[in-house]
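Subject: Structure for your review

Dear colleague,

Please find below the structure that I am handing over to you. My notes on what was found in it follow directly after.

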Amino acid sequence: MSTMKCIVKARPEVGGLVFEEREIPKPGFGEILIKNRATAICGTDLHIYNWDPWSQGRVKLPCIIGHEFGGDVVEVGPGVKHVKVGDFVTGEGHITCGFCRNCRMGDGHVCESWKGIGYDTDGCFREYLVHPEMNTWINDADLDPAMAAIQDPLGNAIHTVFAADCVANRVAVFGLGPVGMLAVAVLKAIGAAEIFAVGRRNQYRLDKARELGAQHVIGSAATDPVEYIMDHTGGKGVDVVLELSGNPRAVQDGLHSLRMGGDLVLIGTSNEKSTIDLAKDVVFRALHIHGVTGRKLWHTWYKMKGLLASGNLNVEPIITHKLPFADYEKGFELMNSGNCGKVVLEF
Ligand SMILES: [Zn+2]
Ligand SMILES: [Zn+2]
């Protein structure tokens, strides 16, 4: 077998995906060849599927999309030193240069010239992919392949939760997409005092948040989240807000749900700009605002390994659908409906 099946974003339109045969690539210097076991659909893939303004400005077509995967190493290229044939691996999807100021200071997540697989370069929605050894994470051999594949968004959630002090504190999570749901699970695992989960109106995801351990579940289309949170915190507000929706309204509500001196952690993005009254809402209330992107390399990955090993982290309810790789259109329809957690495509 010298060819493989791939999912290619071929046309600049909603959908626009084709199922294509391509040559299996050869690993170059410092690269490994991975035979995929499972791959998951990310919100980023959905942006590209729906061909939104971000995708139009970023993705050059045709492009094999996808960046969340787990698979087995079947070949190593010259110069590969640590990863071996047979290792069960996941790739960090942000390929860093290793040489810029931030990379050399141990802050690879803010590499000055990072590239994302599945949008800047060809991604992982294919049977085989090459990946740099230095951007590879070796999984425990018995880790569930679907679990291995969702470490990218789980890592986003862990990076977000660890950006502020959430242990034994009251935390509100705004935005209940997959990363928001994962953040609820992580907060539960590390012992947040009380978790307020705020979604818009999708009952499926509000119910999931409760199943994952949120004590308070708020549908903001029907209930004012600021009022609710103030009512349930003695009028003081929560210690930490994690904002994962990017919605300007949710950013405002998050800001107004915080206690004096609290922490606002932002990872959600939007095509709309948010307006903040800095003097009134931030300076005089001595708030801390943190921007979070990607996963810390490699702090987040070690924390994730530790959390998974602890037995306290229950993310299984978030893997709601497992489909055969060829059924990807069904996967994207599910993602667009919002009636799902993580959708995994299996090989
Ligand atoms: Zn992702
Ligand atoms: Zn760099």
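An open sheet of 6 strands has the order β13-β12-β11-β14-β15-β16, and its pairing is parallel. Strands here are DSSP runs of E of at least two residues, helices are runs of H or I of at least four residues, and both are numbered from the N terminus. Two strands count as paired if DSSP finds at least two bridges between them. At the edges of this sheet stand β13 (216–219) and β16 (288–291), each of which pairs on one side only. From one strand to the next, the twist averages 15°. Within the sheet, β14 (residues 238–243) and β15 (residues 258–266) run parallel and are joined by 5 bridges. Glu 243 stands opposite Leu 266 in β15.

Please note that this is a predicted model, in which local features need pLDDT of at least 70 and side-chain atom pairs count only at pLDDT 80 or more, while totals for chains, interfaces and linings use all residues. Residues are numbered from 1 along each chain as its sequence is written, and chains are lettered from A and ligands numbered from 1 in the order in which they are written.

A further open sheet has 3 strands in the order β2-β1-β4, with antiparallel pairing. Its edges are β2 (17–23) and β4 (63–64); each has a single partner strand, so one side of each is left without a neighbour in the sheet. Strand β1 (residues 3–9) runs antiparallel to β2 and is joined to it by 7 bridges, with Lys 9 opposite Leu 17 in β2. The pairing of β1 with β4 is also antiparallel, over 2 bridges, and here Val 8 stands opposite Ile 64 in β4.

As to the domains, the assignment, which is automatic or taken from a database, gives domain 1 (3–150 + 315–346) and domain 2 (155–291). Their centres, taken over C-alpha atoms, are separated by 28 Å. The contact between them takes 11 residues from domain 1 and 12 residues from domain 2, where two residues are in contact if their C-beta atoms, placed from the backbone, lie within 7 Å. On the side of domain 1 that touches domain 2 there are 5 nonpolar, 4 polar and 2 charged residues. In this classification Ala, Val, Leu, Ile, Met, Phe, Trp, Tyr, Cys and Pro count as nonpolar, Asp, Glu, Lys and Arg as charged, and the others, Gly among them, as polar.

The axes of α5 (residues 151–161) and α6 (residues 178–190) come within 8 Å and cross at roughly 55°. Axes are lines fitted to C-alpha atoms, for helices over the stretch in contact, and angles run from 0 to 180 degrees between N-to-C directions. Helices α5 and α6 are therefore oblique to each other; angles under 35 degrees count as roughly parallel, over 145 as roughly antiparallel, 65 to 115 as roughly perpendicular and the rest as oblique. The residues of α5 that meet α6 include Pro 153, Leu 154 and Ile 158, and those of α6 include Leu 182, Val 186 and Ile 190. By class, this contact of α5 with α6 has 12 nonpolar, 2 polar and no charged residues.

Helix α5 also packs against α11 (residues 299–310), at an angle of about 100° and with the axes 9 Å apart. These two helices, α5 and α11, are therefore roughly perpendicular to each other. Gln 151, Leu 154, Gly 155, Ile 158 and His 159 in α5 meet Thr 300, Trp 301, Lys 303, Met 304 and Leu 307 in α11. The contact of α5 with α11 divides into 5 nonpolar, 4 polar and 1 charged residues.

Finally, some details of the backbone. Leu 61 and Pro 62 are joined by a cis peptide bond with omega about -5°, and Pro 62 lies in the loop between α2 (53–58) and β4. A cis peptide bond also joins Leu 297 and Trp 298, with omega about 5°; Trp 298 is placed in the loop between β16 and α11. Trp 51, in the loop between α1 (43–49) and α2, has a phi near 50°, a positive value in a residue other than glycine.

Yours sincerely
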